[in-house]
Amino acid sequence: MHIPYYSFEAQHKLIREPVLQAITEVFDAQWYILGKYLQKFEAAYADFSGTQYCVGVGNGFDALQIALKVLNIGPGDEVIVPSHTFMATWLAVSAGGAIIVPVEPDPITYNINPENIRAAITTRTKAIMPVHLYGQACNMDVIMQLAAEYNLLVIEDNAQAQGATFKGRLTGSFGQLNATSFYPIKNLGALGDAGALTTNNPELAEKARILRNYGSAEKYHHTEIGLNSRLDELQAAILSQKLLWLNKWNRERQDIAAQYYAELSNIPDLVLPAVAPGATHVYHIFMVRSSRRDALQNYLTAKGIGTALHYPIPPHRQEAYQHLGFAPEAFPIANTLAETGLSLPLWPGLDQEKVAYICSEIRHFFNQY
């Protein structure tokens, strides 16, 4: 049996006709940037996210950069980020000239540990950037309380958790300005690069719109030093169709995760992801951990089962950040997650038979070795 790490096949079968119709409508409309399809999607995604405003941009990385720029975070300002995250989180802070302050994650949930944030706050701290990693909401109660106590801004990186909640409130609705990505394999994915910002603040939304469009609200009049980062009409129309299915697809992801939990529990040297009290998980990634990660991955590959590593080299050990002077062992939890984590196949349409095969082979590996 061959099971890829990820497949679009089942999703595309469901939405093929309406998506192709949407593409045709955009093609025939002959207006491809900052038009009605973007406005429609922005309104729909804001409503989905429980926010007043959504601003579509070119990708999730641009969304983070624009959020920092809108909030006037730059050189000399410190931004608290997780030590374990995809590189985009760190790169966005660097791109604006701000100072990266890494904080270790909770070793159980893998999200930034709020208990470690307080110790990292200094007089130069300007913002906290929590990442709802792998699809699980961070503990936003504590993070927002700390932000209020120290007069800090919060920018949620919601690229992996569209539809997740903390105590009933959707991720991407807590911070002053929050970023998400619609990279194709995200829970809500475009057919190319795309991203967005969400906020309840009309002034921040308007400034984000100006910055994404060369710093211009009126053609040829530039009030800011902006970017060229617009979510185009074609991707907006496609995302509008896919958004209709997002809740269903998230439930499918949760059902697949439930089968993994049921069939893989109580295996020595296999740690399953844990969900924190108050949080929900939409399982963008289902990462297990083992001290025999590499051997397990090789075994599963030989059995036709695709897997992935999220993420094998922590940001502080990347060549790009050697100038920051962090010792390789500086963030032991991030190092452990990088060395032991293995992401299993999980995507809408992955059926119970395939999940059972994956689990059977994992059990066989640990029984045999």
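**Entry 1: a bridge.** I began with one residue pair in this predicted model: Val57 has Gly195 in β9 as its bridge partner. I then looked up the two strands as a whole. β1 and β9 (residues 195-199) run antiparallel, and five bridges join them.

**Entry 2: the sheet.** Next I asked myself in what order the strands of the open sheet come. I found three strands, ordered β1-β9-β8, with antiparallel pairing. β1 (53-57) and β8 (178-181) are at the edges with a single partner strand each, so one side of each has no neighbour in the sheet. From one strand to the next, I noted a twist that averages 25°. A reminder to myself: strands of a sheet pair through backbone hydrogen bonds.

**Entry 3: a helix across the sheet.** I looked up what lies across these strands. Helix α2 (residues 36-49) lies across β1, β8 and β9, and α2 runs at about 130° to β1.

**Entry 4: two helices.** I turned to a helix pair. Two packed helices are described by the angle and the distance between their axes. For α9 (residues 246-264) and α12 (residues 352-368), the axes come within 10 Å and cross at roughly 30°. Angles under 35 degrees count as roughly parallel, so α9 is roughly parallel to α12. I also wrote down that their crossing is right-handed.

**Entry 5: who meets whom.** On the α9 side I listed Ile256, Gln259, Tyr260, Glu263 and Leu264. They meet residues of α12, including Val355, Ile358, Cys359 and Arg363. By class, I noted eight nonpolar, two polar and two charged residues in the contact of α9 with α12.

Methods:
Residues numbered from 1 in each chain as written. Predicted model: local features only at pLDDT ≥ 70, side-chain atom pairs only at ≥ 80, totals over all residues. Heavy atoms only, no water. Axes fitted to C-alpha atoms, helices over the stretch in contact; angles between N-to-C directions. Helix = DSSP H or I, 4+ residues; strand = E, 2+ residues; numbered from the N terminus. Parallel < 35°, antiparallel > 145°, perpendicular 65-115°, else oblique. Left-handed = near helix turned anticlockwise from the far one by under 90°. Contact = heavy atoms within 4.5 Å. Nonpolar A, V, L, I, M, F, W, Y, C, P; charged D, E, K, R; others polar. Pairing = 2+ DSSP bridges.
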